[in-house]
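Please open the structure in your viewer and keep the selection tool ready. The tour below goes from stop to stop, saying what to select and what is there.

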Amino acid sequence: MSKVKYYYDPDTLSYRKIEPEKSKRYRNITFFILGACLFGFLGLILLLNTNLVNTPRELSLSREVKNYELQYELLNKKMEQIEEVLGNIEERDNNIYRLYFEANPIPDEQRKAGFGGINRYKSLEGFNNSEMIVSTTKRLDIIKKQMAIQSKSLDEITKLAEEKEKLLMSIPAIQPINNEDLTRMASGYGWRSDPFTKARKMHYGMDFTAPKGTPIYAAGDGKITRADNNSSGYGKHIRIEHGYGYLSLYAHLSEYNVKPGQKVKRGDLIGFVGSTGRSEAPHLHYEVWKENDRINPINFYYGSLSPEEFENMLKFANQENQSLD
């Protein structure tokens, strides 16, 4: 209910009621309605341009964006774990595997290098979360590259391991006659007295005294290159080419159990002790060659002798006695 207004009339000394003009009343009503409409329109625009009021679709998209942000955060945490595991593998690869097999370490600059040239992430730019998406994608690409490099490195290590195993099996690393079959270790590598001339002469092998017919075994994997009596002084002898520059020679045999061109494994029976050629008594004269130089065979018995047996052999081998050939 509108208020009634009065004014004081000094002529009559009384209060009179103010009667508003109809035109003024209508004008006030019109201004009020226009003002209300204007403020209502401005309020609507303000609400539409703020987050106070969103449509169902906008709310759905907002939830979807937040979900993606959460997924990216979880993905980055998983990548941190992958990077940690991968870093551990790379460290062992460089400092253990590649070091053991004498391969050059792979530098970190190569393992963790980025991608130069064109901007491969241009399609991911221009969005609200572009920085996060580009950063995560780059990180993922670097991890993929690291894994590819590590995979190739492990392939290389596998080949090196196979080659190392082949090398270890090829080196003449066992005594060619079993200890229980030995009468004695007659002579070692070094200067010895010649049994025929009695002159001091370099003895380039080791003499194992054993009864005629005692089995002789291949000291390492390899290929029989000779099994004949055509080398002066050796009599019936066998030569095994082991590869990697190694060759072993077995002389003064009574019989062969192999033929030229045949492949043998370490421990295979190749012949029997005899006294053919320039020999004073039944024994095996055994030599090891490396790059065409004859070297001391005693350094290659780690595959068949205990420390005590090796020390005992070393004692006899170092005695400057008379050789048997």
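Start by selecting Ile 29, Phe 32 and Ile 33, which make a nonpolar surface patch of about 320 Å². Patches are made of residues with over 30% relative accessible area and no salt bridge, where like charges are joined within 9 Å and nonpolar side chains (Val, Leu, Ile, Met, Phe, Trp, Tyr) within 5 Å. Accessible areas come from the Shrake-Rupley method with a 1.4 Å probe, and for residues only the protein chains shown count as cover. Phe 32 belongs to helix α1 (residues 22-48). Helices (H or I, at least four residues) and strands (E, at least two) are DSSP runs, numbered from the N terminus. With a relative accessible area of 62%, Phe 32 is exposed; the term means over 50%, while buried means under 20% and partly exposed lies in between (1.4 Å probe, protein chains only).

Before the next stop, note that this is a predicted model, in which local features need pLDDT of at least 70, side-chain atom pairs count only at pLDDT 80 or more, and totals for chains, interfaces and linings use all residues. Residues are numbered from 1 along each chain as its sequence is written, and side-chain values use heavy atoms, with hydrogens and water left out.

**Salt bridges**

How many salt bridges does the structure hold? There are six, a salt bridge being a side-chain nitrogen of Lys or Arg within 4 Å of a carboxyl oxygen of Asp or Glu. Select Glu 83 and Arg 139, one of these pairs, whose closest N and O atoms are 3.0 Å apart. The pair links distant parts of the chain, with Glu 83 in helix α2 (residues 56-100) and Arg 139 in helix α4 (residues 130-170), 56 residues apart. Glu 83 is partly exposed at 29% relative accessibility, and Arg 139 is partly exposed at 22%.

Next, select Asp 221 and Lys 265, whose side chains form a salt bridge of 3.7 Å, N to O. Asp 221 sits in the loop between β7 (215-217) and β8 (222-228) and Lys 265 in the loop between β12 (263-264) and β13 (269-273), so this pair ties together parts that are 44 residues apart in sequence.

Then select Asp 228 with Arg 226, joined by a salt bridge of 3.1 Å, N to O. Asp 228 is buried at 16%, and Arg 226 is partly exposed at 25%.

**Aromatic rings**

Two aromatic pairs are found. Rings of Phe, Tyr and Trp (its six-membered ring) pair if their centres lie within 6.5 Å; planes under 30 degrees apart count as stacked, over 60 as edge-to-face and the rest as tilted. Select Tyr 189 and Tyr 204, an edge-to-face pair at 6.3 Å centre to centre with 75° between the planes. Tyr 189 is in the loop between β3 (184-187) and β4 (190-193), and Tyr 204 in the loop between β5 (200-203) and β6 (206-209), 15 residues apart. Both partners are partly exposed, Tyr 189 at 22% and Tyr 204 at 32%.

The other pair to select is Tyr 250 and Tyr 286, which is tilted, with 5.3 Å centre to centre and 45° between the planes. Tyr 250 lies in strand β10 (residues 246-251) and Tyr 286 in strand β14 (residues 283-290), so the pair ties together parts that are 36 residues apart in sequence. Both of these tyrosines are buried.

A charge sits over a ring if NZ of Lys or CZ of Arg is within 6 Å of the ring centre and within 35 degrees of the ring normal. Lys 290 lies over the face of Tyr 246 at 5.0 Å from the ring centre.

β6 pairs with β14 in the antiparallel sense over four bridges; strands pair if DSSP finds at least two bridges between them. Met 206 stands opposite Tyr 286 in β14.

Finish with His 252, in the loop between β10 and β11 (253-256). His 252 has a positive phi of about 70° although it is not a glycine, and is buried at 1% relative accessibility. Glu 291, in the loop between β14 and β15 (293-295), has a positive phi of about 55° and is not a glycine. Glu 291 is exposed, at 51%.
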